Amino acid sequence: MNDTEILELLRKNYDISMDSIIFNRKGGCVSYIVNSSNEKCFLKIIDNAFLNAAIQSIDIQRYLIKNDFPVPKIINTNDNTPYFIYENQLFVLYEYIDGVEPNLDENAEEIGELVGKLHKLMSSYSSELTTHNKEFFVDRYIDILRTKHYPDEKLNEYIEIGNSLWDSVEDLPYEFCHGDLHRGNLLKTKDNKIYMLDFDTSCFAPQLFDIAVMCDTTDYFNFDKNEFQHTTDIFNRFMSEYSKYDEIDFTTNQFYDFISLRHFQLQATIVEIYGLDCIDEEFIDKQLEWIKQWRKQYD
């Protein structure tokens, strides 16, 4: 579908004068900036394979909007619905938030407060969420390595580490998780308000996962032992405000373990999106070494 066809669909479904669209990015969905004579909007187009997750995300955002949590407002269609579906694709239009990714070194406390408020508020959300357990965090990646015929000796090392990491966190309580709570899913405006974006991967899982993803300041690809202390400092500042809004019982080592688990989880997600050939044995080896070096910092 080209830009002209998308614009025509939008004009048909919304009572907004739309002049042009500009491609933004492509991942689990395709997004655009929509321009009109007096305002901007943000458009997401989600493929059929992700429809259920997208509809759940919209329901969560409407719940948060109703409760005055800072997320972009959804613009209703002419039929007063929050989205429309065309040729098995879901179209949802948001208000445009003019902001930048916040600096974690400058805003750790503010972000901790925001996430604490999110988790507290979502404890009253009544709709069922997808549960993410060991299969999601560990086993998906192990299955991918088997499919790629990763050498048994190194595969067994991955399995041993994955089992050990999961043993560490498996008894944590399950609650609402954003599921992809990195700084790229936050926007800070000129008036210093921070908005939260993209609830497409929201799930029922240990909330420590959200905290670990947000506070992790390491380079995902290249291990640097100095980043251990930086991540720890950010985590402590984040939790100083988070804990005022939501209580969560865990150990610091469990926080560090979830950063290791993030490498299992994210690698599996990347392969599911981009295919088996997007990583090779050298890259997988490097990730294994990263996890081993990270664990040495606190074991």
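Val30 lies in strand β2. The model is predicted.

**Strands β1 and β2**

- Strand β1 covers residues 20–26 and strand β2 covers residues 29–35; the two pair in the antiparallel sense, over 6 bridges.
- The link from β1 to β2 is a hairpin, made through 2 residues.
- Within this pairing, Phe23 stands opposite Tyr32 of β2.
- Leaving aside residues up to four places away in sequence, Val30 touches Phe23, Arg25, Leu43, Lys44 and Ile45.
- Val30 and Asn88 are 58 residues apart along the chain, and their C-alpha atoms are separated by 14 Å.

**Helices α2 and α3**

- Two packed helices are described by the angle between their axes and the distance between the axes.
- For helix α2 (residues 51–66) and α3, the packing angle is about 105° and the axes are 11 Å apart.
- Because angles of 65 to 115 degrees count as roughly perpendicular, α2 is roughly perpendicular to α3.
- On the α2 side the contact involves Ile60, Tyr63 and Leu64, which meet Leu118, Leu121 and Met122 of α3.
- The residues of this contact of α2 with α3 comprise 6 nonpolar, no polar and no charged.

**Helices α4 and α5**

- Helix α4 spans residues 134–147 and helix α5 spans residues 152–169; their axes come within 10 Å and cross at roughly 180°.
- An angle over 145 degrees counts as roughly antiparallel, so α4 is roughly antiparallel to α5.
- From α4, the residues in contact are Lys134, Phe137, Val138, Tyr141, Ile142, Leu145 and Arg146.
- These residues meet Leu155, Tyr158, Ile159, Gly162, Asn163 and Trp166 in α5.
- Sorted by class, the contact of α4 with α5 has 9 nonpolar, 2 polar and 2 charged residues.

**The second largest pocket**

- The volume of the second largest pocket is about 180 Å³.
- Helix α3 (residues 104–122) gives the largest share of the lining of this pocket, with 5 residues.
- The lining consists of Phe69, Pro70, Asn107, Glu110, Glu113, Leu114, Lys117, Lys188, Asn192, Lys193 and Ile194.
- By class, the lining of the second largest pocket divides into 4 nonpolar, 2 polar and 5 charged residues.

Technical notes
Residues are numbered from 1 along each chain as its sequence is written. This is a predicted model: local features need pLDDT of at least 70, side-chain atom pairs count only at pLDDT 80 or more; totals for chains, interfaces and linings use all residues. Side-chain values use heavy atoms; hydrogens and water are left out. On a 1 Å grid over the protein atoms alone, a cavity is a set of points where a 1.4 Å probe fits but cannot get out, and a pocket is an open set with protein on both sides within 12 Å along at least five of seven lines; lining residues have an atom within 4 Å of a point. Grid points are joined across faces, edges and corners, and a volume is the space filled by probe spheres set on the points. Helices (H or I, at least four residues) and strands (E, at least two) are DSSP runs, numbered from the N terminus. Ala, Val, Leu, Ile, Met, Phe, Trp, Tyr, Cys and Pro count as nonpolar, Asp, Glu, Lys and Arg as charged, and the others, Gly among them, as polar. Axes are lines fitted to C-alpha atoms, for helices over the stretch in contact, and angles run from 0 to 180 degrees between N-to-C directions. Angles under 35 degrees count as roughly parallel, over 145 as roughly antiparallel, 65 to 115 as roughly perpendicular and the rest as oblique. Contact means heavy atoms within 4.5 Å. Two strands pair if DSSP finds at least two bridges between them.
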